Amino acid sequence: MSDLYTERDGLVALGPELVRLMDLLDERFRAWAQECGATPMLFPAVISTADLASIDYFDNFPQLALMTAPLRLPAQKVTDDAALPPERLGKSAYGLVSAACYNVYLHHRSATLAGPRYVTTVAKCFRNEDHYDGLRRLHGFTMREIVCLGPREAVLEHLAAFRPKVVEFAARLGLGLAVQPASDPFFEKNGGRALLAQLFPVKEEFVHGGALAIGSLNFHRNFFGERCGISLADGGPAYTGCVAFGLERWIAALLETHTDIDDILERVAEAAP
């Protein structure tokens with residue numbers, strides 16, 4: 001237990017100082033979104049099973065998926081700290097979101113884009129991880145994303161513009177981040193996409209302390225454009241990319257780097273707009 005937060009089984013409760021810190025960090029990220037003309041949007045915390053299947057989610061992330069299900073009626077008493085057995089649950093028509101950007105692509109299903117479109121959203125995301133570790137790895141966490149949909153060049157420019165922004169902002173906070181290529185399960189299958197992923201990284205992570213990824217740059221090529229029927233003016237599928245920030249992980253990096261919460265709040269307040 002911490003004076004600043006409590007965490008159990010990957011679920012965290014933040015105290016007032018860390019709520020303020022999260023607000024300050026997200027203020028910076030929202031300002032960047034505004035600078036690139038991103039439309040702010042909010043989406044439901046669940047995505048239908050059919051929509052998840054349409055973007056190959058169950059093929060690529062089966063280990064992370066967390067589904068919802070209604071109780072079978074009549075309801076029965078649940079004993080303390082007991083898990084509900086499958087026979088007590090009905091069919092699962094919805095899954096909890098594990099990334100904020102999926103709803104953006106599904107929202108634009110069948111759209112035709114006259115030019116690049118920018119959207120920012122924040123979501124409580126949930127993942128069935130193999131272990132949990134304080135604020136570093138959580139069952140439920142907060143993700144801010146700034147998404148670009150459009151021509152390939154526009155998406156790549158969007159991602160390239162954020163690489164120095166994030167590194168420089170982190171440096172002002174006393175965080176030295178390394179930008180490291182990472183794998184993207186959407187492109188790990190055999191075939192053309194797998195080869196392209198080897199030739200050109202589709203995911204880069206901003207890594208603190210050699211191990212903690214607190215943000216990422218993600219180039220999905222035309223994967224979501226194809227799956228969601230998002231078209232460009234010439235009729236071809238749109239490209240997509242997103243900049244993602246794990247807010248609790250930013251807080252973890254700051255707490256591991258600086259010992260005084262007041263000092264951290266002052267640093268972020270001075271660096272934020």
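Author: What follows covers salt bridges, a surface patch and a hairpin. This is a predicted model, in which local features need pLDDT of at least 70, side-chain atom pairs count only at pLDDT 80 or more, and totals for chains, interfaces and linings use all residues. Residues are numbered from 1 along each chain as its sequence is written, and side-chain values use heavy atoms, with hydrogens and water left out.

Reader: How many salt bridges does the structure hold?

Author: There are 12. A salt bridge here is a side-chain nitrogen of Lys or Arg within 4 Å of a carboxyl oxygen of Asp or Glu.

Reader: Which side chain meets lysine 124 in a salt bridge?

Author: Glutamate 248, at 3.5 Å from N to O. The pair links distant parts of the chain, 124 residues apart: lysine 124 is in strand β8 (residues 117-126) and glutamate 248 is in helix α8 (residues 247-257). Helices (H or I, at least four residues) and strands (E, at least two) are DSSP runs, numbered from the N terminus.

Reader: Is glutamate 248 buried or exposed?

Author: Glutamate 248 is buried, because its relative accessible area is 2%. Lysine 124 is partly exposed at 46%. Buried means under 20% relative accessible area, exposed over 50%, and partly exposed in between, with a 1.4 Å probe and protein chains only.

Reader: What about arginine 28, which partner does that one have?

Author: Arginine 28 meets glutamate 35, with 3.3 Å from N to O. Arginine 28 is buried at 9% relative accessible area, whereas glutamate 35 is exposed at 53%.

Reader: Changing topic: which residues make the patch of negative charge on the surface?

Author: Asp260, Asp262, Glu266 and Glu270. Patches take residues with over 30% relative accessible area and no salt bridge, joining like charges within 9 Å and nonpolar side chains (Val, Leu, Ile, Met, Phe, Trp, Tyr) within 5 Å. Aspartate 262 lies in helix α9 (residues 261-271) and is exposed at 52%.

Reader: Last one, the hairpin. How many bridges are there between β1 and β2?

Author: Four, with β1 (residues 5-8) and β2 (residues 11-14) paired in the antiparallel sense. Strands pair if DSSP finds at least two bridges between them. Tyrosine 5 has leucine 14 in β2 as its bridge partner. Two residues lie between the strands, and aspartate 9 takes a positive phi near 55 degrees.

Methods: Areas by Shrake-Rupley, 256 points an atom, 1.4 Å probe, with all protein chains shown as cover. Lys, Arg positive; Asp, Glu negative; His and termini not counted. Charge placed at Lys NZ, Arg CZ, Asp CG, Glu CD.
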